[in-house]
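Here is a colleague's note for someone opening this entry for the first time. Please keep the structure in view while reading.

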Amino acid sequence: MIEVVASMARGPVFLAGELMECLITFTNPMSHLSTSASSEMLAWASAQIHCQFHASENRVALPTQGNKHDVQAESNTVLVPSRGERGQCVLDTPPKILFCDLRLDPGESKTYSYSEIVPIDGPPSYRGQAVKYVYKLTIGCQRVNSPIKLLRVPFRVLVLQGMPEPPFPQDEEVCPSNPFLEEEEASRRDARPLERALDMLMITTSRRCPHMFNITNMRGKVAKFCIFKMVYRLGEDIVGTFNFSEGDIPCLQYSVSIQSEEEIQQQHQRHPGQILSVTGHGRHMESCLHTASSHFSLPIPLNVTPGFSTDIVMLRWRLHFEFVTAREPMEPPTVLQNQSEVTVWAGAEHVDVDTFSWDLPIKVFPTNPALASYMSHFSGTNSITI
């Protein structure tokens, strides 16, 4: 019996293009007092990254694969990382051999380091209503004259898509200069693609430029809405303010929701004109009758998928607003200056109302993968006994 433990020390979330490192330990759990006859042998072990794609047959029409004859699937000595998995393997890296002919005496263990660049041209990890993209690191090992055993370690991949062009030359430093940082260290850090991508992401999502919107319906102006930016990172708070004092008709209640839109590309839609799949990720509701101003703050969860697009699916983000307005003007309660008694104001028993909604598109980008690892449902560590 041999115990195999795979652990991603830095966490189970990675940015596409980042170097993933995993420590894989093989242990003979027998006591060291046992005889040498208790030694264990492994013929070989290798590791490989792959991405599995699964689509709902009721919503997605995929091209037929044909009768593709897989020679490897018939061999019990070749590693096929997606064997036994649902869906299709849409991306994989070349397998790397960890060792050949490993002998472990009782109580002995050996640790091997696996490193690989997470493919930059693949889709992000995503679990939607119609489409799923799942990444796994698969470690295959085999005893002599025994079937292959597979250890799978799921992890999450964030992909940076839709970034605007940088407003400065590429040779200019992305981050502010630090007088306490040596020039050599600064240049070495700037040379790292991941660091430059994160710096560019921070700059893009940190810019504030207030956007003003007049909210109206068929009866007139309801409020003025202000949002401080339209581009966000995972984990950020979306903050907006309402000014109802400039409205022509009273607003009784409003709600704001963060929503993602999953749209199947037209050529892969199962039914023509297929509707979007909308998922809510947070909501703020407030009564605002006779309120001059109000605001909301909605956090973007760290475990959701930023906006992206592939040949099959597109994911977008938006703020969904719902307003309840009165059809007739409503007089605010009046309080006399010299009034000594307490005045209790009772709301109207019946109010004729109108309701309407409004969608505001926003952009959601990834965040630092180390931060997203804290909220990941993956542990980054898996084990198997062979």
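## Sheets and salt bridges

1. Begin with an open sheet of 4 strands, ordered β7-β3-β1-β21 and paired in the antiparallel sense. Strands here are DSSP runs (E, at least two residues), numbered from the N terminus; two strands pair if DSSP finds at least two bridges between them. β7 (109–117) and β21 (381–385) are the edges, each with a single partner strand, so one side of each has no neighbour in the sheet. Neighbouring strands are turned by 15 degrees against each other on average, direction ignored. For such angles, axes are lines fitted to C-alpha atoms, and values run from 0 to 180 degrees between N-to-C directions.

2. A word on the source. This is a predicted model, where local features need pLDDT of at least 70, side-chain atom pairs count only at pLDDT 80 or more, and totals for chains, interfaces and linings use all residues. Residues are numbered from 1 along each chain as its sequence is written, and side-chain values use heavy atoms, with hydrogens and water left out.

3. Back to β21. Strand β1 (residues 3–7) pairs with β21 in the antiparallel sense over 5 bridges. E3 stands opposite T385 in β21.

4. Another open sheet of 4 strands runs β11-β12-β14-β17, also with antiparallel pairing. Its edge strands, β11 (211–217) and β17 (293–299), each pair on one side only. Inside it, β12 (residues 220–227) and β14 (residues 237–243) pair over 4 bridges. K224 has N243 in β14 as its bridge partner.

5. Now the charges. The structure holds 15 salt bridges (a side-chain nitrogen of Lys or Arg within 4 Å of a carboxyl oxygen of Asp or Glu). One of them joins D354 and R219, with the closest N and O atoms 2.5 Å apart. D354 lies in strand β20 (residues 353–365) and R219 in the loop between β11 and β12, so the pair ties together parts 135 residues apart in sequence. D354 is buried at 14% relative accessible area, while R219 is partly exposed at 41%. Buried means under 20%, exposed over 50%, partly exposed in between (1.4 Å probe, protein chains only).

6. R318 reaches E261 at 2.6 Å between the closest N and O atoms. For D359 and R318 that distance is 3.2 Å. R318 is buried at 13%, and E261 is buried at 10%. D359 is partly exposed at 34%.
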